[in-house]
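Work through the exercises below with the sequence and the model side by side. Try each task before reading its solution.

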Amino acid sequence: MKIFQVDAFASGPFTGNPAAVCLVEEPLDSKLMQQIAMEMNLAETAFVQPADNGFNLRWFTPTVEVDLCGHATLATAHVLWETGMLDKTHVASFNSRSGILRASLQENGIELDFPSQPPKPVSPPAVLSPALGVTPVYVGYNGTDYFVVVQDAYTVKSINPDLRALATLEMRGVIVTAEDPAPGTDFISRFFAPGAGVDEDPVTGSAHCCLAPYWRDQLGKDTMQAWQASARGGRLTVTVDGGRVKLLGQAVTMLRGELVNFM
């Protein structure tokens, strides 16, 4: 099986979020895909297989399968175009657990077309604020992640959460965000998902399906510049288009190889 490692939402090598992409010719058992993802030990490993209407796509963290993953989708589209499995003039269409997802090659990167998942205000669980070590300005939930707005960008950057406590929450992860006054940036975020096997995700495309509609309403902009302030860091351009969110980023192939002794 051909396998690639790609830095997604990256400004160059060793930035953004690394994802593994496995090119699958025949359907694989879910247990085997989970074992491969554990072996890769990255935030997500994507498994892509040609289908009549495009490609079937699934994503696994080292411990669980997830319903939506932005950076591994971007990495997968990048690999399909780079290997010639898909012509660069064609849109990549993926069948996924979150419906049909599309990726298109633009002059300044790869644009993903994802569903909008805005947060709805909720009463936070008692453990949330102590685990983050901050007092939220707003707490929401989008059916997958808790969404926590804090006072300022400095607070986002300085959070050092109790990951063991966060892992007790029954959700995928926690998005922490604030408006960012830095030139060329509209909002900043970080994403923690210890319960899904990812303590802190470097750059989380799917989280921006929640971030983009929230900040669109707050800032009055359809298109915004986002910065995810992990140690690696990642920049995205996000656009809210009705019930969809467009995510624009770049990708860099870091490794190419073959997976052997897995059947």
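**Exercise 1.** How many nonpolar, polar and charged residues does the lining of the largest pocket have, by class?

*Solution.* This is a predicted model, in which local features need pLDDT of at least 70, side-chain atom pairs count only at pLDDT 80 or more, and totals for chains, interfaces and linings use all residues. Residues are numbered from 1 along each chain as its sequence is written, and side-chain values use heavy atoms, with hydrogens and water left out. A pocket is, on a 1 Å grid over the protein atoms alone, an open set of points where a 1.4 Å probe fits, with protein on both sides within 12 Å along at least five of seven lines, and lining residues have an atom within 4 Å of a point. The largest pocket has a volume of about 260 Å³. It is lined by 13 residues, of which Met1, Leu23, Val24, Glu25 and Glu26 are the closest to its centre. Sorted by class, the lining has 9 nonpolar, 1 polar and 3 charged residues.

**Exercise 2.** Which element gives the most to the lining of the second largest pocket?

*Solution.* Begin with the space itself, which is about 210 Å³. Of its 17 lining residues, Phe9, Ala10, Ser11, Arg235 and Leu236 are the closest to the centre. Strand 15 (223–228), strand 16 (234–241) and strand 17 each give two or more residues to this lining, where strands are DSSP runs of E with at least two residues, helices are runs of H or I with at least four, and both are numbered from the N terminus. Strand 16 gives the most, with 4 residues. The classes here are 5 nonpolar, 10 polar and 2 charged.

**Exercise 3.** With which strands does strand 8 pair, and in what sense?

*Solution.* Two strands pair if DSSP finds at least two bridges between them. Strand 7 (residues 99–106) pairs with strand 8 in the antiparallel sense over 5 bridges, and these two strands form a hairpin with 2 residues between them. Within this pairing, Ala103 has Leu112 of strand 8 as its bridge partner. Strand 8 also pairs with strand 17 (residues 244–249), in the antiparallel sense over 6 bridges, and there Pro115 has Arg244 as its partner.

Key
Grid points are joined across faces, edges and corners, and a volume is the space filled by probe spheres set on the points. Ala, Val, Leu, Ile, Met, Phe, Trp, Tyr, Cys and Pro count as nonpolar, Asp, Glu, Lys and Arg as charged, and the others, Gly among them, as polar.
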